[in-house]
Amino acid sequence: MIEHRKGITIAVLLIMAPPAVTLIATAHQMIGTGGDGLIRAAAVTAAATPATAPAQAPASAPASGSASASAPAPAPAPASASASASSSAPAQASAPAPATSPAPAPATAALKPPTPVPGRSALDFSASRPAWEGFLRGADPEAGKQLAANGKPGAGVQACIACHGPAGITPTGGIFPNLAGLSSEYLAKQLADFRSGTRVQPLMNTIARGLTEQEIGQVAAYYGTLAGPPMHVGEFGGEAARKLDVQGDGSRALPACANCHGLRGLGEGPLLPRLAGQSKEYFTDQMNAFRNGSRQNDDVGVMRAFSQRLTDSEIEALALYYAGPPPQPK
């Protein structure tokens with residue numbers, strides 16, 4: 001029994017010993033450091049500030065050898081010291097004075113600008129806005145209507161109606177798009193891309209560069225007010241085109257056209273254009289331009305990737321699907 005109790009006592013002591021030693025060592029360290037409290041605050045070395053240099057008199061005497069009036073008066077010296085000073089004065093006076101005196105040291109050292117601290121600011125998380133948005137700010141559609149009808153002959157800009165029709169609908173189809181029914185935002189972006197060369201078409205590049213930013217906004221604002229051509233989508237093109245419009249083809253990573261351009265090509269959002277009513281010639285021409293890379297102003301290459309996965313017959317079927325019946329000449 002005694003041995004059992006002795007074993008228990010030893011076990012308890014072994015368990016309590018480490019915490020007790022830790023407490024004693026911690027208390028010793030805290031109390032032994034001194035200072036106002038138990039734990040002294042860590043010393044922080046202050047950043048060295050540039051010291052101001054006291055103003056000094058010029059080191060050299062004037063050429064005449066007389067003492068400068070602004071120099072401080074020397075303290076009275078003992079007789080022996082003055083005698084020795086007087087004996088050495090002629091030697092000092094005979095020394096030639098320098099021709100020019102050096103510039104006095106600046107009173108204060110130049111402070112360097114603070115080094116930028118690496119990191120992010122709140123502005124880094126602000127969404128960037130495209131420049132063409134500013135073209136539309138305060139744009140007058142009536143002024144755009146005048147530009148569309150008359151052009152800008154002095155800058156080599158022909159009237160828009162010559163190719164796109166008097167109401168933004170190309171009368172005979174062809175490769176000229178219908179502008180009526182497209183959003184002013186989409187039109188402003190395309191004109192800005194033609195102006196910068198991001199989208200290449202020689203005639204439109206020349207026209208866009210002949211317009212000011214304000215005039216681009218006015219033309220885009222005008223055409224954005226016009227209604228699109230009559231809807232006859234889906235009458236041609238067959239089942240293959242309807243399936244691509246509504247369902248796409250997951251096996252080829254082809255999303256449904258309606259995901260971006262709206263069901264039956266009615267448009268979806270300001271920058272996703274309406275396809276319904278565009279001529280089959282224009283639709284085919286643009287899809288081929290995306291396929292061969294001659295048009296590259298699509299967002300992150302979506303249309304380039306999409307068009308490259310389509311066959312020629314599918315592009316033709318979609319062109320017929322969105323165009324509807326050909327326009328009747330009047």
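**Ground rules.** I call it a contact, or a touch, when heavy atoms lie within 4.5 Å. This is a predicted model, so I kept in mind that local features need pLDDT of at least 70, that side-chain atom pairs count only at pLDDT 80 or more, and that totals for chains, interfaces and linings use all residues. Residues are numbered from 1 along each chain as its sequence is written, and side-chain values use heavy atoms, with hydrogens and water left out.

**Leucine 187.** I started with its neighbours. Leaving aside residues up to four places away in sequence, Leucine 187 touches Leu179, Leu182, Ala220, Tyr223 and Gly224.

**Overall layout.** I counted elements next, taking helices (H or I, at least four residues) and strands (E, at least two) as DSSP runs numbered from the N terminus. The protein has 13 helices and zero strands. For burial I used relative accessible area: buried is under 20%, exposed is over 50%, and partly exposed is in between (1.4 Å probe, protein chains only). By that rule, 27% of the 330 residues count as buried. I also checked how far contacts reach: among those with a separation of 6 or more, 64% join residues 24 or more positions apart.

The largest has 24 residues, and Trp132, Leu187, Val219 and Tyr223 touch the most other members. The elements giving two or more residues to this core are α3 (132–136), α4 (141–150), α6, α7 and α8. The largest share, six residues, comes from α6. I then found a second, separate core of 19 residues, which includes Leu244, Ala276, Phe290 and Phe306.

**Helix α7.** I went through residues 202–210 and noted Met204, Asn205, Ile207, Ala208 and Gly210 as buried. Their cover includes α6 (184–196) and α8 (213–223).

**Helix α9.** In residues 238–246, the buried ones are Ala241, Leu244 and Asp245. Why do they sit on the same side of α9? They cover an arc of only 100° around the axis, the arc being that of the directions from the helix axis to the C-beta atoms. Their cover includes α10 (258–261) and α13 (312–323). Just after α9, glycine 248 takes a positive phi of about 75°.

**Leucine 320.** I found this residue in helix α13. Leucine 320 is partly exposed, with a relative accessible area of 28%. Not counting residues up to four places away in sequence, it touches Phe236, Gly237 and Lys280.

**Salt bridges.** I took a salt bridge as a side-chain nitrogen of Lys or Arg within 4 Å of a carboxyl oxygen of Asp or Glu. The whole structure gives ten.

- Arginine 129 pairs with glutamate 133, their closest N and O atoms 2.6 Å apart. Arginine 129 is exposed at 58% relative accessibility, while glutamate 133 is partly exposed at 23%.
- Lysine 152 and glutamate 215 meet at 2.8 Å, N to O. Lysine 152 lies in the loop between α4 and α5 (161–164) and glutamate 215 in helix α8, so the pair ties together parts 63 residues apart in sequence. Lysine 152 is partly exposed at 22%, whereas glutamate 215 is buried at 15%.
- Aspartate 312 and arginine 291 meet at 2.5 Å, N to O. This pair links distant parts of the chain, with aspartate 312 in helix α13 and arginine 291 in helix α11 (residues 280–292), 21 residues apart. Aspartate 312 is exposed at 54%, and arginine 291 is partly exposed at 26%.
- Salt bridges that share partners also join Asp249, Arg252 and Glu314 into one network.

**Surface.** My last entry used accessible areas from the Shrake-Rupley method with a 1.4 Å probe; for residues, only the protein chains shown count as cover. The protein exposes about 21800 Å², and carbon and sulfur atoms supply 62% of it. Isoleucine 15, in helix α1 (residues 2–32), is exposed at 63% relative accessibility.

How values were computed. A nonpolar core is a set of buried Ala, Val, Leu, Ile, Met, Phe, Trp, Tyr and Cys residues joined through side-chain atoms within 4.5 Å.
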